[in-house]
Amino acid sequence: MAEETVKTLNETIEHADQLFDENNFQEAYDLLQKYPQKDTYEIKWRLARVTYSLSKANPSPRKEELVREAFGYAEEALALNDGDFASHKWYSILLDAKSGLEGIKERVTQLETVKKHMQRAVELNPTDPTSWYILGQFYYGLADLPWYQRKIVSTIFATPPTGTYEQALECFEKAENTKPNFYSMNYLMLGKTYQALKQADKAKEFITLAANVAVLNEDDKQCKEEATKLLKKL
């Protein structure tokens, strides 16, 4: 009986991963929700991932509801298994997303925790390109903070977290080298980071790649729109 349950779990997560990779997020969500033992770690972190993906395609207030639901799954996954990269990765992503709903001060307050969990994800699995991408986003976000947000950071932390465009570039490059063309937004962020570093030719190369991606999901759509606007200014 135990072997049958394991087989059913393996079949469920394999099918859910396939649906997710094909951008069939609602079907993947429904499949995971139907699994009898939803308190299983492998189910929980996948529910966090797919629920967050669903949030991107929904308008407010449903978007915010889904982000909070996804964060709940990520919390539960981390409690079930803090020795796997996926639990730290999705906890980091969703803590940042949820705190962003609660205002700039809350988001800034959570910066160190977001960073800690993403760094742990990279330590546990240095070959996962998305973890490198998110860590790059963290460094880019700190380097690109407007002055008023820097002021908030300095009032909250005795030693404020820091990030540079060079650190961001290293992470985005590691992500791309680990798995080329894995995510449209990595092209965009490479382009924006090169632009911030005044490397115009490299910036144009990657922003052009980002502007020409095939649109398969909301991230691709956002990437293409932003890259197309940036290209007109180069």
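**Figure 1. The crossing of α11 and α13.** The crossing of α11 and α13 is left-handed; that term applies if the near helix is turned anticlockwise from the far one by less than a right angle, and a crossing is right-handed if clockwise. Helices here are DSSP runs (H or I, at least four residues), as strands are (E, at least two), and both are numbered from the N terminus. The structure is a predicted model, in which local features need pLDDT of at least 70 and side-chain atom pairs count only at pLDDT 80 or more, while totals for chains, interfaces and linings use all residues. Residues are numbered from 1 along each chain as its sequence is written, and side-chain values use heavy atoms, with hydrogens and water left out.

**Figure 2. Packing of α11 against α13.** Two packed helices are described by the angle between their axes and the distance between the axes. Helix α13 covers residues 218–233, and α11 packs with this helix at an angle of about 30°, the axes being 8 Å apart. Because of that angle, α11 is roughly parallel to α13. Axes are lines fitted to C-alpha atoms, for helices over the stretch in contact, and angles run from 0 to 180 degrees between N-to-C directions. Angles under 35 degrees count as roughly parallel, over 145 as roughly antiparallel, 65 to 115 as roughly perpendicular and the rest as oblique. On the α11 side, the contact (heavy atoms within 4.5 Å) is made by S184, M185, L188, K192 and Q195. On the α13 side, D219, D220, Q222, C223, E226, A227 and L230 take part. Sorted by class, the contact of α11 with α13 has 5 nonpolar, 3 polar and 4 charged residues. Ala, Val, Leu, Ile, Met, Phe, Trp, Tyr, Cys and Pro count as nonpolar, Asp, Glu, Lys and Arg as charged, and the others, Gly among them, as polar.

**Figure 3. Packing of α10 against α11.** The axes of α10 and α11 come within 10 Å and cross at roughly 150°. Helix α10 is therefore roughly antiparallel to α11. The crossing in which α10 passes α11 is left-handed. From α10, the residues in contact are Y165, A168, L169, F172, E173, A175 and E176. From α11, they are N186, Y187, M189, L190, T193, Y194 and A196. By class, 10 nonpolar, 2 polar and 2 charged residues form the contact of α10 with α11.

Figure 4. Side chains of opposite charge can pair when their charged atoms come close. A salt bridge is a side-chain nitrogen of Lys or Arg within 4 Å of a carboxyl oxygen of Asp or Glu, and by this rule the count comes to 14 salt bridges. In one of them, the side chains of K89 and D128 meet at 3.0 Å, N to O. K89 lies in helix α5 (residues 85–101) and D128 in the loop between α7 (111–124) and α8 (129–143), so the pair ties together parts that are 39 residues apart in sequence. Buried means under 20% relative accessible area, exposed over 50%, and partly exposed in between (1.4 Å probe, protein chains only). K89 is buried, at 7% relative accessibility, and D128 is buried as well, at 10%.

Figure 5. R62 and E65 form a salt bridge (3.2 Å, N to O). Because these residues are 3 residues apart in helix α4, about one helical turn separates R62 from E65. R62 is partly exposed at 39% relative accessibility, and E65 is partly exposed with a relative accessible area of 43%. In helix α7, R120 and E123 are 3 residues apart, about one turn of the helix. Their salt bridge has its closest N and O atoms 3.2 Å apart. R120 is partly exposed at 35% relative accessibility, whereas E123 is exposed at 55%. A network of salt bridges links D17, E42, R46 and R49.

Figure 6. Most residues other than glycine have a negative phi, and most peptide bonds are trans. A cis peptide bond, with omega about 0°, joins S60 and P61. P61 is placed in the loop between α3 (41–56) and α4 (62–80). N181 has a positive phi, near 60°, and is a residue other than glycine. N181 sits in the loop between α10 (165–178) and α11 (184–196) and is exposed, at 52% relative accessibility. K198, also a residue other than glycine, has a positive phi near 65°. The loop between α11 and α12 (200–211) holds K198, and this residue is exposed at 73% relative accessibility.
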